[in-house]
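The tour goes stop by stop.

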Amino acid sequence: MKKLSIVLSVLAIGLEVNGQSTTVKRDTVNRLAEVKVDAKIKRKIESDLKMAVSVDEFLASSDNISFIKRGAYAWEPLLNNMSTERSTITIDGMHIFGACTDKMDPITSYVESNNLSSIDINSGQEGNMHGATVAGSIDLKRRSTPFGLQQNIGGTYQTGFEFNNRQAFNLGNLFYSTDKFVADGSVAFRKAGNYADGNNQEVQHSQYNKLNASLGLAYKTSALSAVRIDAIFDRAKDVGFPALPMDLWLSRAIITSASYKQLFEEGLMKVWDTKVYFNAVEHYMDDTTRPENLVHMDMPGWSTTYGLVSKVNLKKEHYSSELQLNAYDNLSIAEMRMYPQDRSKRTMFAYSWPWVTTRFASIAMNNSWDISERSKVNLGGSLGVNYNYSKYVEFNWIFHPGAPQKKNRWLPGLHASYELNLNQFDISVGTGFGHRAPSVSEAYGYYIYNSFDRYDYIGNPGLKNEVSYEANGRVGFKTEKISVAAKVNYFYIDNYIIGRILSLGSPMNYQSVGVKGYTSLPYATLFNTAINLDYTIRDNLHWKAVFTYARGKDDTGGNLPFIRPLSYQTSLHYGYRRIGVRTSLHGDFTQTNYSPEYGEDQTASYNIWNLSADYSFSLGKFKSVFQAGAENLLNEYYSTYADWGNIPRMGRNIFTSLKVNF
Ligand SMILES: [Cu+2]
């Protein structure tokens, strides 16, 4: 909602300028340019410590995101302490689904920091614009250069080296902008070896190798309209997952879209933006690099998605609204082939995702009224329809005989909030309600091995929708120097989906200890809170701190897994002329509310100290910044509550990077 109001106020400014101007054409150019600028007002893709960060490192600086980490690459983002099945993760509103049954490839692993302009995170039902959700939405916004920039050609080059895992990266961006035509391109390479933990022990199988490239072309079809085509190609090769019994040999994604955008000068409707898209992901795992595996299993996966997203922004006086239509078709396939040391002697074949089609369509609306100078009401809703079809349903029938091959579900969602501004205080309260459908694994998965609790997981096509009831609130206080904000949310989730031990069935994998089936708990509850502090001590001295706490319980009062204990992040930034010095401290307290039932043990507290310094200078006429620093300066040996199998995190890491703008 905030974003929409920025877009619309920018539009309004544009319209006012138009009234005083004589050349309409030039002005439209400005306006189109300004509409795009809203992305740039937001935080840059960098953390309080590092200017060259990965997408994961950037997300980690957000107070409602935590991660399950299975190694150094492709962390699984948890929003409001809920797993990725409960949130919608999109790229510019496009749905993409990973092709790995073991969650090696969250959507965030298919982009790079240099093809993103910002990341929009919406908590709970406020995130239902892009589709049905419980936890909220994460939308990765791609970079797009405005039309008619004064500088026609430009770009950025970033390079760097991180010493702990000998990671080298090169990220390049180039844009070309005229009044009629825009081109954006980016290329990124990253290559890293194994990292070492705080005891200077090498963590085997933690290397990775990534290539990402993107291209966007936009053409202005009239003074107020433009077409754009975009493509992202991503390839990860030889990626180790130290916490899993296998690694990734190759993963490739192609993500494409074509869009049309029309602006309107008069009337209720301000912007209409429509996009069709296609993306395909392929994923090949490899366990032959692990000598401990006597029997090998190839588990390739494929995911293909076609979709449409169409959005309209309306505004009249004190009312503004956003209306969005989503539709997609996804096919998810995963195979399991088992063989002894000799690959030609295959002993078993199964589909762990038996060609599951998901078709989804939703219509969503967000309305907001300024009921006075100081207060505002937001009201939104969405209605989705979700259809599943399992082609090789015989795999699902083994545990759920006679389960229907097709299943339709209705997924409604509603939310309301009230915002009030009282001088230096701003207060908001909200509530929401929403359904989500089970994921492909939860409904149709067949013998998906979970190395965390060492069970094979079986999907249940008959699972009920998960239904979430939510309440949230925020109080903020702001002066010129200090800002303080406290946020809370509470979720009561009916039919909470989780794996429970099945008495029937024997484990397939010789490492697994049994079989679990996805079932619905009668309910579960989840509470999240965060406090943010911001203090400008002097013009060049800035302090920030975030504290978070969460609590998740099942229907018997037992703990839910992967709930972050009390945690904090704090940073200090000092700037003097061309030099900037940053230091940060972050950590978790002891995990007291862990869940042995779901494979968790108690994780000890840890505190990590980081330090960096940067220097800005001119390289000829190019503005440049050089940065050097160290993460985990004291080389602490630790693992977090959400490190899969308690794998230790990286020890001391010295990093350097150089950024040149041209
Ligand atoms: Cu995988």
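Predicted model: local features only at pLDDT ≥ 70, side-chain atom pairs only at ≥ 80, totals over all residues.

Residues are numbered from 1 along each chain as its sequence is written, and side-chain values use heavy atoms, with hydrogens and water left out.

Select the copper ion. Which protein atoms are its donors? They are Cys 100 (SG), Met 104 (SD), His 283 (NE2) and Met 285 (SD), at 2.1 to 2.5 Å. A donor is an N, O or S atom within 2.8 Å of the metal (3.2 Å for Na, K and Ca); water is not among the atoms, so sites may look incomplete. Along the chain the donors are spaced C-x3-M-x178-H-x1-M. The angles among the four donor atoms are 95 to 120 degrees, making the site tetrahedral (four donors, all angles between 85 and 135 degrees). Cys 100 and Met 104 are both buried (under 20% relative accessible area, with a 1.4 Å probe and protein chains only).

Next, select Pro 146, in the loop between strand 6 (136-142) and strand 7 (153-162). Strands are DSSP runs (E, at least two residues), numbered from the N terminus. Is Pro 146 buried or exposed? Pro 146 is buried, because its relative accessible area is 4%.

Finally, select Tyr 157 in strand 7. Tyr 157 is partly exposed, because its relative accessibility is 34% (the class runs between 20% and 50%).

Terms used
Tetrahedral: all angles 85-135°; square planar, octahedral: opposite > 155°, others 65-115°. Helix = DSSP H or I, 4+ residues; strand = E, 2+ residues; numbered from the N terminus.
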